[in-house]
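Reader: I'm new to looking at protein models, and I'd like to learn how to read one feature at a time. Can we go through one together?

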Amino acid sequence: MSDRLWRVKQDNLARFERFVAQLRNGNTEAPLESLPLELYVELTRRCNLDCPMCSHKIEMAEHRALHGNEGLDFPAELLSVYEPLLPAAAMVYTVGIGEPTLYADLPKFVSSCTAQGAFVWTNSNGIALDERLCARLVASRLSRFVFSVSGGTKESYERYHRPAKWERLWKSLAALSLAKRRARTRWPELFLNFVVMDDNIRDLPALLARLSPFGFAGVTVKPVVNMKGVLDSRADAPQLREPSPADAALLGGLAEQARLMGLAWEDHSYLETHRVAVKRDGICLHPFSTLYLTPEGDVYPCGCGEGLNGAALCVGNVRETPIERIWRGEPLEALRKRILAANQRPKRRNQSEA
């Protein structure tokens, strides 16, 4: 990253931090002077798997009811609309309800972002990876590739990731690891994302040990989320698990195992916000820091905007309005004002935390 880009990003972050500090001090009239820190671009809604814990099938039925088979991929002619925001952006996520490696221009998109100093993060099941695509992703300077794997044995993996094959997963891992070694680079970082369901938590120790030859940087453990009611509408849906002392002991041991392997470890497997309605101190800062683009060109203030609220949280369309104007536009400003009017500010730090 050039010195100029570094200064632009640091200045943007500093502006955002000053804004949050003003909110902590009770000034809800403070102007938002920063540009988005994070951009989410849903490159495709197509997927090559049918996972029983995923809402993809439900959301695709909704999409086809509105758009037919149009708009499944982000249009090539719109790929430049986000570029005015890239110099200031710290993060770009290629996530959505689809599988990003099915998007033909994924390496080109990544290259355009990393050339502007953005950290680019891709979540994927990894099944479509082959030697050529791996080489292109490494050359694009992709920052992080997150493999979504929620089974640690052939039986459980193939139950949760249909019709993927256990052997194919490890070939994909080997291909990306080899492409990195050939290029003599540490990029992209490899992470594992594991969703806790039914009794698959018992698979984690062996799965963690098997990652060792592939140069993984970290592991994240998360809960299954009932998006679009998928757990209520599919007969084959997995079950939500409540934590037990045995689970806590296993996860504690895995944290130590990860540390010894040099892996970052994030355990969010029993987040209470996915289970009960908990009133929290503070506001959601996504509308002040984030934009999410869909293949139709619609813009939302966060990745959950469309999936949970539909058109109610759409703040514009890049076919009609430049994205910089959407960021400063009335729909998003109105949403921010509604949030601030609730008078729930980011929690003030205690003196001991200062």
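Reader: Let's start with Ala61: how exposed is Ala61?

Author: Keep in mind that this is a predicted model. Buried means under 20% relative accessible area and exposed means over 50%, with partly exposed in between. Ala61 has a relative accessible area of 48%, so Ala61 counts as partly exposed. You'll find Ala61 in helix α2, residues 56–67.

Reader: And how far apart are the C-alpha atoms of Ala61 and Asn317?

Author: Those two C-alpha atoms are separated by 22 Å, while the residues sit 256 apart along the chain.

Reader: Now the sheet. In what order do the strands of the open sheet come?

Author: Ten strands make up this open sheet, and the order is β7-β6-β5-β4-β3-β2-β1-β8-β9-β10, with mixed pairing. At the edges stand β7 (264–267) and β10 (316–317); each has a single partner strand, so one side of each is left without a neighbour in the sheet. Helix α6 packs on the sheet, where α6 touches β4 (144–148) and β5 (189–196), and the direction of α6 makes about 170 degrees with that of β4.

Reader: How do I read the side chains of a strand, say β1?

Author: Here's the general idea: in a regular strand the side chains alternate between the two faces of the sheet. In β1, residues 38–41, Glu38 and Tyr40 point one way, Leu39 and Val41 point the other way, and all are buried. Strand β2 is covered on both faces too: Met91 and Tyr93 on one side, Val92 and Thr94 on the other, all buried.

Reader: Which residues stand opposite Tyr40 in β2 and in β8?

Author: In β2, look for Tyr93 opposite Tyr40. In β8, look for Tyr292. Strands β1 and β2 (residues 91–94) run parallel and are joined by three bridges, and β1 also pairs with β8 (residues 290–293) in the parallel sense, over four bridges. Leu39 has its bridge partner in β2 as well, namely Val92. Moving on from β2, four bridges join β2 to the parallel strand β3, residues 119–124, and Met91 stands opposite Phe119 there.

Reader: What about helices that pack together? How do α4 and α6 meet?

Author: Two packed helices are described by the angle between their axes and the distance between the axes. For α4 (residues 131–139) and α6 (residues 166–183), the angle is about 50 degrees and the axes are 9 Å apart. The two helices are therefore oblique to each other, and α4 passes α6 in a right-handed crossing. On the α4 side the contact is made by Glu131, Cys134, Ala135 and Val138, and on the α6 side by Ala175, Leu176, Ala179, Lys180, Arg182 and Ala183. By class, that contact has seven nonpolar, no polar and three charged residues.

Reader: Which peptide bonds are cis?

Author: One joins Arg162 and Pro163, with omega about 0 degrees; Pro163 is in the loop between α5 (154–160) and α6. Another runs from Trp187 to Pro188, with omega near 0 degrees, and Pro188 is in the loop between α6 and β5.

Reader: Last one: where do Arg141 and Arg184 lie?

Author: Arg141 lies in the loop between α4 and β4. Though not a glycine, Arg141 has a positive phi of about 70 degrees, and with a relative accessible area of 43% Arg141 is partly exposed. Arg184 is in the loop between α6 and β5. Its phi is positive too, near 55 degrees, but Arg184 is exposed, at 80% relative accessible area.

Note on methods:
Residues numbered from 1 in each chain as written. Heavy atoms only, no water. Buried < 20%, exposed > 50% of the residue type's maximum accessible area, 1.4 Å probe, protein only. Pairing = 2+ DSSP bridges. Axes fitted to C-alpha atoms, helices over the stretch in contact; angles between N-to-C directions. Parallel < 35°, antiparallel > 145°, perpendicular 65-115°, else oblique. Left-handed = near helix turned anticlockwise from the far one by under 90°. Contact = heavy atoms within 4.5 Å. Nonpolar A, V, L, I, M, F, W, Y, C, P; charged D, E, K, R; others polar.
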